[in-house]
Structure formats: structure tokens, C-alpha cells
Amino acid sequence: MPSAEKLAHFLSSSALCAAGVVLLGFGMSTDWADAVLDCAPPGSVMFNGTSSLKTGLFNGTETKIKCPRIDSPGKPVIVFNRLAKLVGAPIILHALVVILLALALLGSAGSILVTLYNSFSNPYQTYMGPIGLYTCSGLSVCVATLALILYVSNAYLGEMFQTLVKADEANVELRNPKITLKAGFFLLIPYIGVNLLAILVVYLYVHAAYTRRKEQEKPTEDAPKEIMMY
């Protein structure tokens, strides 16, 4: 039966991983960004219309005011369907973001299983030991960080929001996108943090146990020479 110290460390790590799953799950279901773009009819220099987008990873809404000529309040947006109409970098990058986040969830699930297993058993130093946690949580941290970078790149450099507007209305000129990142995006930061903390909690226990074991293996190193002679 594992010691109380080991039980506390691994259960704490498991709770942190579970909290990460909750954070990421909620983040994936809520808004990731708002964008407001000025728009005008083709060939016009009068950009007196706007298209306002509120989007998550999968769904959102679009409100058009004189964009290009008529108003359209609160129109539902299915992100993948819109992006698929104009095949290019935006849909590829967006799909990669979702895939990476799914891998992050899978890694967190693996971390929970490994930490719970270690809480009530003493596995050898295999993939079911602390190494398994380091691998799963490390994977989650890496892919979540990459998802952050790809989403920002797609929003600001890949013209994702321009693509979302033009997929519904091709005959429009767009400029001056004003993008605001929302809660879904920023929840990835605490998600990464709790996974790193989960790794740290277990590492501190493993390091302390290793140090104690080394001290027990060499009990005579600090003994007086007179005692060692006998």
C-alpha cells in the first residue's frame, strides 16, 4: 500500500489534471474571439458598413450592418462550413487547432489514469509510473501551446475572419479587422499551468523518495572511521 505522502502527491496531481480537463473542455465550448471588419461594395472607397463576428471553435454569430448593402443581425455561423467554402490556409490551421486540443484532452485523460493508478499501487518505473505522467502531461502542454500559436497566427496573419465573411458574401471589400481574443483562448493558459503543476507535484515526491533511498543505501558514509573498522 502506498504511503500517505505518495497518496497525497499523486491524488493532488490527479486533481490538477482533472481541473485542466474542465478548463479545456469549457474553453473549447465558449467564444474564442470577436472581430469587427469595415466593409464596402466592390470597387467602392466608402467603407461605411461593418461585419461583427463572435466565434468559438465550432459555432458563432455574425451581425452585418450595410455589409455590403443590407443588414443581417445575429446570423448563425458554423465555422468549419464557412471556412470549407474557401479552401486554403484558414481551414487547415483551424482544423489543426482543434486536433491539437483533442490530443491535449487525451493526454490529460492519460495523466488522470496514471496518477490514480499510482495513488493506490506501486508500479515499476515503466510508462505506468511517473514517466507516464511526465509523458502525458508534457504532451498536453506542448500541443496546447502549439494550438495557441496556430490560432493567433490564423486570426491575425491567416485572415480567418476575412474568410468567414467572404464565404457568405463574396462581393464585398474588407479592411481594418479589429480582433479581440476571448475567454476560450485565454483558458488555455491556466490549462497549461495546471499541467505543469501536476508534473511538478509528482516530480517533487519522486525526487524526495530518490534522495531518501540514496541516503539509506549508504548509511556508513558519514560514520566515524573507528566504528567502520569494527
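Helix α5 is mostly covered, with seven of its nine residues buried, where buried means under 20% relative accessible area, exposed over 50% and partly exposed in between (1.4 Å probe, protein chains only). The buried residues of α5 are M160, F161, Q162, T163, L164, V165 and A167. This is a predicted model, in which local features need pLDDT of at least 70 and side-chain atom pairs count only at pLDDT 80 or more, while totals for chains, interfaces and linings use all residues. Residues are numbered from 1 along each chain as its sequence is written, and side-chain values use heavy atoms, with hydrogens and water left out.

**Overall make-up**

- The protein chain contains eight helices and five strands; helices (H or I, at least four residues) and strands (E, at least two) are DSSP runs, numbered from the N terminus.
- Along the sequence these elements follow the pattern α-β-β-β-β-α-α-α-α-β-α-α-α.
- Of the 230 residues in the protein chain, 43% count as buried.
- The protein chain exposes about 12300 Å², and carbon and sulfur atoms supply 67% of that area (Shrake-Rupley method with a 1.4 Å probe; for residues, only the protein chains shown count as cover).
- Among contacts in the protein chain with a separation of 6 or more, 67% come from residues 24 or more positions apart; contact means heavy atoms within 4.5 Å.

**The sheet and the helices on it**

- Five strands make an open, antiparallel sheet in the order β4-β3-β2-β1-β5; two strands pair if DSSP finds at least two bridges between them.
- The edges are β4 (72-78) and β5 (173-181), each of which pairs on one side only.
- Neighbouring strands of this sheet are turned by 20° against each other on average, direction ignored; axes are lines fitted to C-alpha atoms, for helices over the stretch in contact, and angles run from 0 to 180 degrees between N-to-C directions.
- Helix α4 (residues 130-156) packs on the sheet and touches β1 (33-40), β2 and β5, its direction making about 150° with that of β5.
- Helix α5 (residues 160-168) also packs on the sheet, touching β1, β2, β3, β4 and β5. The direction of α5 makes about 110° with that of β2.

**Strand β3 and its neighbours**

- Strands β2 (residues 49-55) and β3 (residues 59-65) are antiparallel partners over six bridges, and they form a hairpin with three residues between them.
- Across this pair, S51 stands opposite K64 and K54 stands opposite T61.
- On the other pairing, β3 and β4 run antiparallel and are joined by five bridges.
- The bridge partners in β4 include I78 for N59 and P76 for T61.
- The hairpin of β3 and β4 has six residues between the strands, and K66 takes a positive phi near 50° there.
- In a regular strand the side chains alternate between the two faces of the sheet.

**Cysteines**

- The count is one disulfide, taken as a pair of cysteine sulfur atoms within 2.5 Å.
- That disulfide joins C39 and C67, whose sulfur atoms are 2.3 Å apart.
- The pair links distant parts of the chain: C39 lies in strand β1 and C67 in the loop between β3 and β4, 28 residues apart.
- C39 and C67 are both buried.
- C136 is in no disulfide, and the nearest cysteine sulfur, that of C17, is 8.7 Å away.
- C142 counts as exposed because its relative accessibility is 53%.

**Annotated regions**

- An unreviewed UniProt entry carries the annotation "transmembrane region" for residues 7-28, 91-119, 131-152 and 183-206; its positions are given in the numbering used here, feature names are shortened, and annotations may be inferred rather than shown by experiment.
- In the model, residues 131-152 are 100% helix and 0% strand, with the end C-alpha atoms 32 Å apart.
- Residues 183-206 are 96% helix and 0% strand, and the end C-alpha atoms there are 35 Å apart.
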